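The exercises below are meant to be worked through with the sequence and the model side by side. Try each task before reading the solution that follows.

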Amino acid sequence: MKRVNYYRLTAYFLPFKTQEDKYISGTNFSQVVGIYQFDHDMRKLLFPVIEEIELALRSQIAYFFGHRYGALGYLDKANFSERHNHENFLEHIEREKEHNKQQPFVQHHNEKYSGKFPIWVIIELFSMGELSLFYADMKRADQKGIAKAFAVPSDKHMKSWLKNLTILRNFCAHYSRLYDAKLPGVPRTPKGFGIQLGNRLFDYIVVLKLLYSDSIGWTNSFAPGLCATIEKYRDLIELKRIGFPADWEKIIA
């Protein structure tokens, strides 16, 4: 634990404190370290799934937008909804091109194509958050097309879930505490889903399942990995603090 910043570790003491800022009786340092390790293992489990969804989204947007509006269609504000701030969008693209100017594919397009990047190339410079915003700025008919490709009930669900996916990715990327965390967003619940989604870790894992296209990989890899992680830390964690209901294994399977 010498390599763990003390300030980062202090966040893991919070679930063991009362409203009077006193520690719950029986709390010990080993338990806090165990929760920290639980978060570490959970992030390792979540990140590959998040990345696969991100790559699929990147591919779908590039294909759909390029097919409908052409390779450089993203340069025309008429191809976006009214909420889209095209000037800021173009300025951001130029900043990303400058920031990544040493990348071979950026150099190639600057030198050979006078800085003109087709949508399937420029989208490689977008972060998950930027992909989510790009989707939110598309025309609604186009949003519905992307949502359909992911088998998502509606564009409104897709917009909500991509926002939640971005939040979860950022929590994992910045090593933010997942245990006992109330994440800053509530995913839209599909009609007739059976449970009402909230803002705990479990709810965001459900969103991953709903967006993940590899059902075999989920069933054979992720779900067993999640079960193994929960079992490994069962004596240290309280499932309610990460939003896991009693029948969570049935929902996640």
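An axis here is a line fitted to C-alpha atoms, for helices over the stretch in contact, and angles run from 0 to 180 degrees between N-to-C directions. Helices (H or I, at least four residues) and strands (E, at least two) are DSSP runs, numbered from the N terminus. This is a predicted model, in which local features need pLDDT of at least 70 and side-chain atom pairs count only at pLDDT 80 or more, while totals for chains, interfaces and linings use all residues. Residues are numbered from 1 along each chain as its sequence is written, and side-chain values use heavy atoms, with hydrogens and water left out.

**Exercise 1. The overall chain**

Task: State how many helices and strands the protein chain has, and what percentage of its residues is buried.

Solution: Begin with the secondary structure, which comes to 11 helices and 0 strands, so that the pattern read along the sequence is α-α-α-α-α-α-α-α-α-α-α. Next take the extent of the C-alpha trace, which spans about 65 × 45 × 35 Å along its principal axes. Then turn to burial, where buried means under 20% relative accessible area, exposed over 50%, and partly exposed in between (1.4 Å probe, protein chains only); buried residues make up 47% of the 253 residues. Finally, with contact meaning heavy atoms within 4.5 Å, 60% of the contacts between residues at least 6 apart in sequence join residues at least 24 apart.

**Exercise 2. Two helix pairs**

Task: Describe how helix 8 packs on helix 9, and how the axes of helix 6 and helix 7 cross.

Solution: Helix 8 (residues 155-173) and helix 9 (residues 201-211) pack at an angle of about 120°, and their axes are 10 Å apart. Angles under 35 degrees count as roughly parallel, over 145 as roughly antiparallel, 65 to 115 as roughly perpendicular and the rest as oblique, and helix 8 and helix 9 are therefore oblique to each other. Their crossing is left-handed, a word used if the near helix is turned anticlockwise from the far one by less than a right angle, with right-handed used if clockwise. On the side of helix 8 the contact includes Trp161 and Asn164, and on the side of helix 9 it includes Tyr204 and Leu208. The residues of this contact divide into 12 nonpolar, 1 polar and no charged, where Ala, Val, Leu, Ile, Met, Phe, Trp, Tyr, Cys and Pro count as nonpolar, Asp, Glu, Lys and Arg as charged, and the others, Gly among them, as polar.

For the second pair, the axes of helix 6 (residues 128-137) and helix 7 (residues 140-149) come within 8 Å and cross at roughly 125°, and the two helices are therefore oblique to each other. Tyr135, Ala136 and Asp137 of helix 6 make the contact with Gln143, Lys144, Ile146 and Ala147 of helix 7. These residues divide into 4 nonpolar, 1 polar and 2 charged.

**Exercise 3. Aromatic pairs**

Task: Classify the pair of Phe89 and Phe134 and the pair of Phe244 and Trp248.

Solution: Rings of Phe, Tyr and Trp (its six-membered ring) pair if their centres lie within 6.5 Å, and planes under 30 degrees apart count as stacked, over 60 as edge-to-face and the rest as tilted. A search of the whole structure finds 14 aromatic pairs. In one of them, the ring centres of Phe89 and Phe134 are 5.9 Å apart and the planes are at 55°, so the pair is tilted. Phe89 lies in helix 3 (residues 86-99) and Phe134 in helix 6, 45 residues apart, and the pair links distant parts of the chain. Both Phe89 and Phe134 are buried. Phe244 and Trp248 form an edge-to-face pair, with 5.1 Å centre to centre and 65° between the planes; Phe244 is buried at 6% relative accessibility, and Trp248 is buried at 3%.

**Exercise 4. A buried residue and a loop residue**

Task: Is Ile230 buried or exposed, and is Ser114 buried or exposed?

Solution: Ile230, found in helix 10 (residues 215-232), has 0% relative accessibility and therefore counts as buried. Among the residues that Ile230 touches, not counting those up to four places away in sequence, are Phe38, Met42, Phe244 and Trp248. Ser114, by contrast, lies in the loop between helix 4 (104-112) and helix 5 (119-122), and its relative accessible area of 64% makes Ser114 exposed. Its phi is near 55°, a positive value in a residue other than glycine.
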